[in-house]
Amino acid sequence: MAVQTTYNETIDAARAGMIANEEPVVLISRTIIDAAGVGFGKVVQEAATDGSKDGQCTADIDTADMDAYKFLGITVRERSVRPETPNKFAQYESARIMRRGVIWVEVAGAVKAGEDVTVTLASGVLGTAGVGAGVVAIPNARWESSTSGAGLAKLRLG
């Protein structure tokens, strides 16, 4: 069993998937079907729209052609996940998913508060890329904070 050997003098301001404030949120749960699991602060969608995978979700948004109707939300950080996978939900674990509220997520580049939120389907990267081939807008989402480059930003849903 791994033992922590280094410690920071201060705690991080935030981590991907943390709920960002105390306002009311809407959370749902779904079973993760991805064999590799799903990290915190990731976009997930219904695993299948035909009902064959009822109650399940996936972060594999590229192959399932995500659109506004399949979007479920963003995975919320959870401290009660399996010890073997402390930074993600493992396959068949029940994931908390934010549908409404403010959550911290990782961004690959600068974002500006108030701008619309998009996701690149091939990578799952959140940002402000123009909607087009392989990039879709997340419905009812906008950036709640700004960044000057890659890092953490607050994303508002609903």
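## Cores, strand pairing and a pocket

The largest nonpolar core holds 22 residues, and those with the most contacts inside it are V43, V119, L126, I138, W143 and L155. Five strands each supply at least two residues of this core: β5 (71-75), β7, β8 (116-120), β10 (135-143) and β11 (151-157). A second, separate core has 10 residues, including I32, V38, F89 and A95. In soluble globular proteins, nonpolar side chains tend to be buried together. The model behind this description is predicted.

L126 shows what such a core position touches. Leaving out residues up to four places away in sequence, L126 contacts G41, V43, V105, E106, V107, A108, V117, T118, V119, I138, W143 and L155. Several of these names return from the core: V43, V119, I138, W143 and L155 are among the residues with the most contacts inside it.

### Strand pairing

Strand β1 (residues 26-32) has two partners here. Six bridges join β1 to β7 (residues 94-107), and the two run antiparallel. Within that pairing, S29 has R96 of β7 as its bridge partner. β1 also runs parallel to β4 (residues 56-58), with two bridges between them. There, T31 is partnered by Q56 in β4.

Strand β5 is next. Five of the five residues of β5 are buried, so this strand is largely enclosed by the rest of the structure. β5 pairs antiparallel with β3 through three bridges. V43 stands opposite I74 of β5; V43 is also among the core residues with the most contacts. β5 pairs antiparallel with β7 as well, through two bridges. In that pairing, T75 stands opposite I97 of β7.

| Strands | Direction | Bridges | Example pair |
|---|---|---|---|
| β1 and β7 | antiparallel | six | S29 and R96 |
| β1 and β4 | parallel | two | T31 and Q56 |
| β3 and β5 | antiparallel | three | V43 and I74 |
| β5 and β7 | antiparallel | two | T75 and I97 |

### The aromatic pair

How many aromatic pairs does the count give? The count comes to one. The partners are F40 and F89, with ring centres 5.2 Å apart and planes at 90 degrees, so the pair is edge-to-face; the cut-off for that class is over 60 degrees. F40 sits in the loop between β2 (38-39) and β3 (43-46), while F89 belongs to strand β6 (residues 88-89), so the pair ties together parts 49 residues apart in sequence.

### The pocket and G124

The largest pocket has about 310 Å³ of space. Its lining comprises 19 residues, and K42, A59, S123, G124 and V125 are the closest to its centre. Strands β2 and β9 each supply at least two lining residues.

G124 deserves a separate look. This glycine lies in the loop between β8 and β9 (125-127). With 23% relative accessibility, G124 counts as partly exposed, because the buried class ends under 20%. Which residues does G124 touch, not counting residues up to four places away in sequence? They are I61 and V119. V119 links back to the largest core, where V119 is among the residues with the most contacts. G124 also lies 8.0 Å from D62, C-alpha to C-alpha, although 62 residues separate the two in sequence.

Notes. Residues numbered from 1 in each chain as written. Predicted model: local features only at pLDDT ≥ 70, side-chain atom pairs only at ≥ 80, totals over all residues. Heavy atoms only, no water. Phe/Tyr/Trp six-rings, centres within 6.5 Å; stacked < 30°, edge-to-face > 60°. Helix = DSSP H or I, 4+ residues; strand = E, 2+ residues; numbered from the N terminus. Pairing = 2+ DSSP bridges. Core = buried A, V, L, I, M, F, W, Y, C linked by side-chain atoms within 4.5 Å. Buried < 20%, exposed > 50% of the residue type's maximum accessible area, 1.4 Å probe, protein only. Contact = heavy atoms within 4.5 Å. 1 Å grid on protein atoms, 1.4 Å probe; cavity = no way out; pocket = protein on both sides within 12 Å on 5 of 7 lines; lining within 4 Å. Points joined across faces, edges and corners; volume = space filled by probe spheres on them.
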